[in-house]
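Thanks for coming. Please have a look at the sequence and the model on the screen, and then I will take you through them.

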Amino acid sequence: FPSHDRFGDKGARKDLHDTLDFLARENYVMVGYSIEAEASALISLDYDPLKFKWIDLHTEVKMLYNHNNTLSCGNHLIDGKVKLLRPHGEKPNTGLGSSLYKFCDILIDTERKNKMRDIIISRDAKAIEENKFEIIEYCESDVLDLPQLFYSVFSELKKFVREGIVT
């Protein structure tokens, strides 16, 4: 992938479109966590996210927790702290940080993650520019952990198929 200024370079946009077109033609599947942000980013770049099939791991995690005490109980990351959840008590958090902890034993700094997300959502150009490199790290950190979460979540889903719960 050619090196470009990631912010506003028209050559980078064309290269990105070309790369996305290639991936779509090759039937790649996009995997994300609460994929609204990824799809919105593609739309903001004038690219149709519906050219791809998507797997939203957030939805998969919610389905796994539904009526499943084995997964919804036990240790979970809630508000940045590990907490023991018991049956018929507090429901598990389904955010990325909590899911990475539950399914992969990965503990991330959820406070920093929330701070970066809030800066992005604020659309405050000055704050975004001041935190540009931290925002890039935040985005990249999500991507780095997704493959492990994908395999862990689908390992759990396969159990339902093997047990005849889902066909």
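I start with a term that will come up again: contact means heavy atoms within 4.5 Å. A second one concerns the elements: helices (H or I, at least four residues) and strands (E, at least two) are DSSP runs, numbered from the N terminus.

Two remarks on where the values come from. This is a predicted model, in which local features need pLDDT of at least 70 and side-chain atom pairs count only at pLDDT 80 or more, while totals for chains, interfaces and linings use all residues. Residues are numbered from 1 along each chain as its sequence is written, and side-chain values use heavy atoms, with hydrogens and water left out.

Now the overall picture. The protein has eight helices and four strands. Read from the N terminus, their order is α-β-α-β-α-α-β-β-α-α-α-α. The C-alpha trace spans about 55 × 40 × 20 Å along its principal axes. There are 167 residues in the protein, and 36% of them count as buried. Buried means under 20% relative accessible area, exposed over 50%, and partly exposed in between, with a 1.4 Å probe and protein chains only. The accessible surface is about 11,400 Å², computed by the Shrake-Rupley method with a 1.4 Å probe. Carbon and sulfur atoms hold 54% of that surface. Among the contacts with a separation of 6 or more, 57% join residues 24 or more positions apart.

Next, helix H5. How many of its nine residues are buried? Eight of the nine are, and H5 is mostly covered. The buried ones are Leu96, Gly97, Ser98, Ser99, Leu100, Tyr101, Phe103 and Cys104. What covers them includes H3, helix H4 (69-72), strand E3 (74-78), strand E4 (81-85), H6 and H8. After H5 comes Asp105, which has a positive phi, near 60 degrees.

Three of those helices also pack on one another, as H3 with H8 and H6 with H8. For the angles, axes are lines fitted to C-alpha atoms, for helices over the stretch in contact, and angles run from 0 to 180 degrees between N-to-C directions. The axes of H3 (residues 57-65) and H8 (residues 132-162) come within 10 Å and cross at roughly 35 degrees. That crossing is left-handed, a word used if the near helix is turned anticlockwise from the far one by less than a right angle; clockwise would be right-handed. On the H3 side the contact is made by Leu57, Glu60, Val61 and Leu64. On the H8 side are Leu146, Leu149, Phe150, Val153, Phe154, Glu156, Leu157 and Phe160. By class there are 10 nonpolar residues, no polar and two charged. Here Ala, Val, Leu, Ile, Met, Phe, Trp, Tyr, Cys and Pro count as nonpolar, Asp, Glu, Lys and Arg as charged, and the others, Gly among them, as polar. Look at the spacing along the helices, too. An α-helix has 3.6 residues a turn, so residues three or four places apart point the same way.

H6 (residues 110-122) packs on H8 at an angle of about 120 degrees, with the axes 10 Å apart. This crossing is left-handed. From H6, Arg112, Lys113, Met116, Arg117, Ile119 and Ile120 meet Glu134, Ile135, Glu137, Tyr138 and Asp142 of H8. The classes here are five nonpolar, no polar and six charged.

On to the aromatic rings. A search of the whole structure finds four aromatic pairs. Rings of Phe, Tyr and Trp (its six-membered ring) pair if their centres lie within 6.5 Å; planes under 30 degrees apart are stacked, over 60 edge-to-face, and the rest tilted. Why is the pair of Tyr65 and Phe103 stacked? Because its planes are at 20 degrees, with the ring centres 6.0 Å apart. Tyr65 sits in H3 and Phe103 in H5 (residues 96-104), 38 residues apart. Tyr65 is buried at 7% relative accessibility, and Phe103 is buried at 12%. Phe150 and Tyr151 make an edge-to-face pair, 5.2 Å between centres and 80 degrees between planes. Tyr151 is exposed, at 60%. Phe150, Tyr151 and Phe154 form one aromatic cluster.

Last, Val143 of H8. Val143 counts as exposed, at 54% relative accessibility.
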